[in-house]
Amino acid sequence: MKISRHKKVNKYLNFYCNNFGFRKPFQVLIDGTFCYVALKNKLNIQEQLPKYLGEVKLLTTPCVIVETELLGKAAFGAMMIVKQFSVHCCQHTAKPISGSECFKSMLGENNSSRYVIATQDRELQDFVRNVPGTPLLYLHQHTPHLEEPSVVTTRTASEKANSQFGISRFDDAKISSLKSAAFGDKSEEKPRKRKFKSGPNPLSCKKKKKKLALSGSDTKTLDEQDQNTRKKRKRIKLPKHVKECLISNS
């Protein structure tokens, strides 16, 4: 089994152990549909389920055995597999009912006996998902798969945790009254002013260059300013004897 699958299974089993009191060996109730699919995919239930779930106790009911017997040749192999498991007595020994109805009655409203249901029946799977604290096991092709805890199960677990470790309504009201007595009502507090985004720092911004409107009278003054601001060309002065030599040579 892959490490990721092994981690998921341990995570789900620990969830049921911590929140609903499951303990090893886990009691796995198996019906005829699960055995039929296992036989079809050549899966040995007694070998694979202990590898997948750890220490388990494989169980079935008299109603499931009777149901597979009544199906005849089509479910002969499933009947032989079901009869290998331990028989868990139900309340229908006098009048056997279908396997799915038997499992529903054994689960009740909250699965107080802590069963793991192994079935391929879609209708029974939907019922199991609505019973809090009930793990659901089914076969995906030739591998067993423990389903993630349902929404009802996770909600029930969170409610239990809040009732055990959370604050009750009476304590919450008492704490709020003490807060109001010590710090005053929140309604009396002045609302804080919102801070809006300010503009850029004016000291860090460059100053804009002023554009001058040119009129006829201003053009002269601007030309004079440009001439004054222009860099003057440096002229090299030659001494007199150098000039005389240059003139004589020319």
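Mentor: A contact here means heavy atoms within 4.5 Å. The model is predicted, with local features requiring pLDDT of at least 70 and side-chain atom pairs counting only at pLDDT 80 or more, while totals for chains, interfaces and linings use all residues. Residues are numbered from 1 along each chain as its sequence is written, and side-chain values use heavy atoms, without hydrogens and water.

Trainee: Which residues does T60 touch, leaving aside those up to four places away in sequence?

Mentor: T60 touches L29, I30, I65, V82, F85, S86, V87 and H88. T60 itself belongs to strand β2, residues 56-60; helices (H or I, at least four residues) and strands (E, at least two) are DSSP runs, numbered from the N terminus.

Trainee: What makes T60 count as buried?

Mentor: Buried means under 20% relative accessible area, exposed over 50%, and partly exposed in between (1.4 Å probe, protein chains only). The value for T60 is 0%, so T60 is buried.

Trainee: How do you know that the side chain of T60 has a polar contact with I30?

Mentor: A polar contact is a pair of N or O atoms within 3.5 Å; within protein, one must be able to donate a hydrogen and the other to accept it, and residues adjacent in sequence count only if both atoms are side-chain atoms. A polar atom of the T60 side chain lies 3.2 Å from the backbone oxygen of I30, so the pair falls within that limit.

Trainee: How many aromatic pairs does a search of the whole structure find?

Mentor: The search finds 4 aromatic pairs. In one of them, Y16 and F20 have ring centres 6.3 Å apart and planes at 40°.

Trainee: Why is the pair of Y16 and F20 called tilted?

Mentor: Rings of Phe, Tyr and Trp (its six-membered ring) pair if their centres lie within 6.5 Å; planes under 30 degrees apart count as stacked, over 60 as edge-to-face and the rest as tilted. The 6.3 Å between centres therefore qualifies Y16 and F20 as a pair, and the 40° between planes makes that pair tilted. Both residues lie in helix α1, 4 residues apart, about one turn of the helix. An α-helix has 3.6 residues a turn, so residues three or four places apart point the same way. Y16 is buried at 2% relative accessibility, as is F20 at 11%. Ring pairs also link F15, Y16, F20 and F22 into a cluster.

Trainee: What does P135 touch, not counting residues up to four places away in sequence?

Mentor: P135 touches Y16, F22, N111, Y115, V116, I117, V128 and L146. P135 and Y115 are 20 residues apart in sequence, with their C-alpha atoms 7.5 Å apart. P135 lies in the loop between α7 (122-129) and β5, and its relative accessible area of 1% makes it buried.

Trainee: Which residues of α2 are buried?

Mentor: G32, F34, C35, V37 and A38 are buried in α2. Their cover includes β1, α3, α4 (62-70), α5 (76-82), β4 (115-118) and β5.

Trainee: Where is P25, and what is the peptide bond from K24 to P25?

Mentor: P25 is in the loop between α1 (3-20) and β1 (26-30). The bond is cis, with omega near -5°.

Trainee: How many helices and strands does the chain have, and what share of its residues counts as buried?

Mentor: The chain has 11 helices and 6 strands, and 29% of its 250 residues count as buried. Of the contacts with a separation of 6 or more, 63% join residues 24 or more positions apart.
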